[in-house]
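Have the viewer open as you read.

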Amino acid sequence: QELLVESGGGSVQTGGSLTLSCVASKYTYNPGCMAWFRQVQGKEREAVATLCTGGGRGHYADSVKGRFTIYLSSANAVSLQMNSLRPEDTAMYYCAADFRLGGSGRWDDPSAFRDWGQGTQVTVSS
């Protein structure tokens, strides 16, 4: 089975809200880091938000600061509260967890993460 399973995606109008959830079935305790990335077909995957146990605060892309919040919703789950959604937020959102051995360790580098979910689609209409 999948190590990470996302849910909560859907269609919403501009200004609306959605909450995404990612459950890490592999883990019996909080992973070191969990993150949300998003991707539009034909474009590179981009970091949205990352939360690490030692980080104190989450890291956010400039485009979502003040609108999105990443937080641990349970011992093995991370959520992304998305408010004031815009059409440019439309993308497939992917959950990622744990830094990959030998990776860069950068919060915004997809290759730095070891485990990935299948994604959940978010569509924001005008």
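## Ground rules

Buried here means under 20% relative accessible area, exposed means over 50%, and partly exposed is in between (1.4 Å probe, protein chains only). Helices (H or I, at least four residues) and strands (E, at least two) are DSSP runs, numbered from the N terminus.

This is a predicted model, where local features need pLDDT of at least 70, side-chain atom pairs count only at pLDDT 80 or more, and totals for chains, interfaces and linings use all residues. Residues are numbered from 1 along each chain as its sequence is written, and side-chain values use heavy atoms, with hydrogens and water left out.

Start with Asp98, which has a positive phi of about 65° despite not being a glycine. Asp98 belongs to strand β9, and with a relative accessible area of 11% it is buried.

Ser84 is another non-glycine with a positive phi, this one about 50°. Ser84 sits in the loop between β8 (77-82) and β9 (91-99). Its relative accessibility of 40% makes Ser84 partly exposed.

Two strands count as paired if DSSP finds at least two bridges between them. On that basis there's an open sheet of four strands in the order β1-β3-β8-β7, with antiparallel pairing. β1 and β7 (68-74) are at the edges with a single partner strand each, so one side of each has no neighbour in the sheet. From one strand to the next, the twist averages 20°; for such angles, axes are lines fitted to C-alpha atoms (for helices over the stretch in contact), and values run from 0 to 180 degrees between N-to-C directions.

Now go across the sheet. β1 (residues 4-7) is joined to β3 by four bridges, and Glu6 stands opposite Cys22 in β3. Six bridges link β3 to β8, where Leu18 has Met82 as its bridge partner. β7 and β8 are also joined by six bridges, with Leu72 opposite Val78 in β8.

Which residues make up the covered face of strand β3 (residues 18-24)? They are Leu18, Leu20, Cys22 and Ala24, while Thr19, Ser21 and Val23 form the uncovered face.

Rings of Phe, Tyr and Trp (its six-membered ring) pair if their centres lie within 6.5 Å; planes under 30 degrees apart are stacked, over 60 edge-to-face, and the rest tilted. The structure holds four such aromatic pairs. Phe37 and Phe113 have ring centres 5.5 Å apart and planes at 75°, so this pair is edge-to-face. Phe37 is in strand β4 (residues 33-39) and Phe113 in strand β10 (residues 113-116), so the pair ties together parts 76 residues apart in sequence. Phe37 is buried at 0% relative accessibility, and Phe113 is buried at 3%.

Phe113 has another partner in Phe99: their centres are 5.1 Å apart and the planes at 35°, so the pair is tilted. With Phe99 in strand β9 and Phe113 in strand β10, the pair ties together parts 14 residues apart in sequence. Phe99 is partly exposed, at a relative accessible area of 32%. Phe37, Phe99, Phe113 and Trp116 form one aromatic cluster.

## Arg45 over two rings

A charge sits over a ring if NZ of Lys or CZ of Arg is within 6 Å of the ring centre and within 35 degrees of the ring normal. The charged end of Arg45 sits over the ring of Tyr94, 3.9 Å from the centre. It also sits over the Trp116 ring, 4.8 Å from that centre.
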